[in-house]
Amino acid sequence: MDIQFKQLEKWFGQLQALKPLSMTVQSGEFVSLVGPSGCGKTTLLRMIAGLEEPASGAIHFGGTAVYDNSRKVNLPPQKRKIGMVFQDFALWPHMTVFENVAYGLKAAGRNKEVQEKVSEALDNVQLGSFQERYPHQLSGGQQQRVAIARAVATDPDIMLLDEPLSALDASLRDEMRILLQSLVKKLNMTAVYVTHDQSEAMAMSDRVVVMNDGKVQQTGTPEEIYQRPVNEVVASFIGKGALIQGLVTEVEDVPMLKVNADVQIPLSTSKTKGLEPHDWVHAIIRPEQVSLDTAPAEAGIRAAVETVSFLGERYEVSLTLDGSDERLFAYTPERTVPGQEVSVTVRSTIHLIQHKGGVSREETA
Ligand SMILES: Nc1ncnc2c1ncn2[C@@H]1O[C@H](COP(=O)(O)OP(=O)(O)OP(=O)(O)O)[C@@H](O)[C@H]1O
Ligand SMILES: [Mg+2]
C-alpha cells in the first residue's frame with residue numbers, strides 16, 4: 001500500500017516542524033528518514049500514524065485519505081491499520097509476551113485468530129518458545145523482537161519504525177537490522193524507518209529521505225544520495241568525506257580545482273561542462289577516492305597524517321593538506337603515524353556543488 005503526502009505541514013507554535021512536503025512512498029518500499037536531531041523525523045512519522053495532527057495538507061494510504069485538512073478527514077491511529085515500533089520497545093510490563101503480541105488482535109475483535117497470529121508473529125522473530133515470559137525476564141534484543149512481533153501480528157500494510165535499534169548494542173543492532181529488513185520484505189509491507197544513523201539508512205533502504213530543519217533536502221536511492229548529494233547539508237551528513245572548497249581554473253587546458261597556490265586537483269575535461277574558470281565550488285572527496293603514498297612523490301599533493309584509526313580491515317587516516325586548512329580522509333592498508341609526511345592523489349570521481357544555485361554535477365579527477 002503506498003503512502004502519499006500532499007503539501008503536508010506542521011507547526012508547534014512559532015516553530016515550523018515540517019515545511020510543506022509532497023512525496024509518495026511506493027507500495028512495498030522501505031524508506032528511511034534521516035537527519036540531525038530535531039529535524040522533524042519523529043514528527044512526520046507520528047503524523048503518518050495519526051498520533052500528531054498536521055497543520056494542513058493530506059495523507060493518503062493506497063489512494064484513500066487518512067488525513068485531509070480541506071475535507072476534515074482525520075482517522076485515529078487504530079483505524080489506520082499500521083504497525084509501529086519505537087526506540088523504547090513500549091511493551092506492557094504486566095502482560096506476558098503472548099498477551100503483548102495479542103493485544104492489537106483482541107482490540108480489533110479478531111479473537112478467533114489470536115492463537116495462530118501470535119504464534120506466527122513470534123516464530124517470525126524466533127521467539128516461539130517465549131510466550132509465557134514477562135518483559136522483565138527478557139534481554140533488550142528479545143524485548144525489541146517482541147515489539148516487532150506485536151507490530152506485525154495484525155498484518156498491517158504499513159510499518160512505521162522510530163529508531164528501533166538505537167537502544168541495542170552494536171552487534172545486536174546488525175543482527176536485528178537483518179531480521180527487520182527481511183521480515184518487512186517477506187511480509188510485503190511498506191516501511192517508513194526513522195534513524196539518525198546514516199549508515200543504517202543506507203544499508204537498509206530502497207530510498208533515503210534526508211531532512212534538515214523541517215525540510216526535505218534530498219530524496220533518492222542510497223547510491224544517489226551518496227554519490228550525488230545536491231547540497232552541502234546532504235554531503236556532510238551522508239557518508240564519510242571531505243568537503244573541499246576551491247576555484248575552477250585551467251592549467252594547460254586541463255581544468256583544475258585550485259584549493260590554494262600549492263594544491264590543485266585535476267578535473268577531467270569530459271565532465272566539466274558548464275563550469276567556468278573562476279567558479280567557486282565545493283568538491284566532495286570520499287576516502288575511497290584518495291590514495292596515499294608514504295614516499296612523497298613529485299606529482300602528488302603534499303599532506304601530513306593527522307589521526308589514524310584502525311577499522312579492522314584497514315586504517316582510516318585524516319590528512320591535512322600543506323599550506324591549507326583543508327582536511328582529506330583516506331583508507332590505507334598499513335598503519336601510518338601522526339605527523340608523517342605523505343603524498344596524496346585524488347583518483348576517481350569527485351562530486352562538485354556550485355556555491356550558488358545548488359546545481360550539482362559529477363566530476364572525475
Ligand atoms: N509536542 C511538541 N511541542 C513542541 N515542539 C515539539 C513537539 N514535538 C517536537 N517538537 C519540536 O519539533 C522539532 C522536531 O522534533 P522531532 O521530534 O520530530 O525531531 P527528530 O528529527 O525526531 O529528532 P531526534 O533525532 O532527536 O529524535 C524539534 O525542534 C522539537 O523540539
Ligand atoms: Mg525522533
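Predicted model: local features only at pLDDT ≥ 70, side-chain atom pairs only at ≥ 80, totals over all residues.

Mentor: We'll take the sheet, then the ligand, then a hairpin.

Trainee: What should I know about the numbering and the model before we start?
Mentor: Residues are numbered from 1 along each chain as its sequence is written, and chains are lettered from A and ligands numbered from 1 in the order in which they are written.

Trainee: In what order do the six strands of the open sheet run?
Mentor: The order is 7-8-9-3-10-11, with mixed pairing. Strands (E, at least two residues) and helices (H or I, at least four) are DSSP runs numbered from the N terminus, and two strands pair if DSSP finds at least two bridges between them.

Trainee: Which strands stand at the edges?
Mentor: Strand 7 (82-85) and strand 11 (215-220) do; each has a single partner strand, so one side of each is left without a neighbour in the sheet.

Trainee: And how does strand 3 join strand 10?
Mentor: They run parallel, joined by four bridges between residues 30-34 and residues 207-212. Val31 stands opposite Arg207 there.

Trainee: Which strands does helix 1 lie across?
Mentor: Helix 1 (residues 41-49) lies across strands 3, 7, 8, 9 and 10, at about 150 degrees to strand 8. Contact means heavy atoms within 4.5 Å; angles run from 0 to 180 degrees between N-to-C directions, with axes fitted to C-alpha atoms, for helices over the stretch in contact. Helix 4 (residues 140-152) also packs on the sheet, touching strand 7 and strand 8.

Trainee: Switching to ligand 1, which element gives the largest share of its shell?
Mentor: Helix 1, with three residues. The residues around the ligand include Phe12, Lys41, Thr43 and Glu163, where a residue counts if one of its heavy atoms lies within 4 Å.

Trainee: Last one: how many residues join strand 13 to strand 14?
Mentor: Five, in a hairpin. Strand 13 (residues 254-258) and strand 14 (residues 264-266) are antiparallel over three bridges, and Leu257 has Ile265 as its bridge partner.

Methods:
Heavy atoms only, no water.
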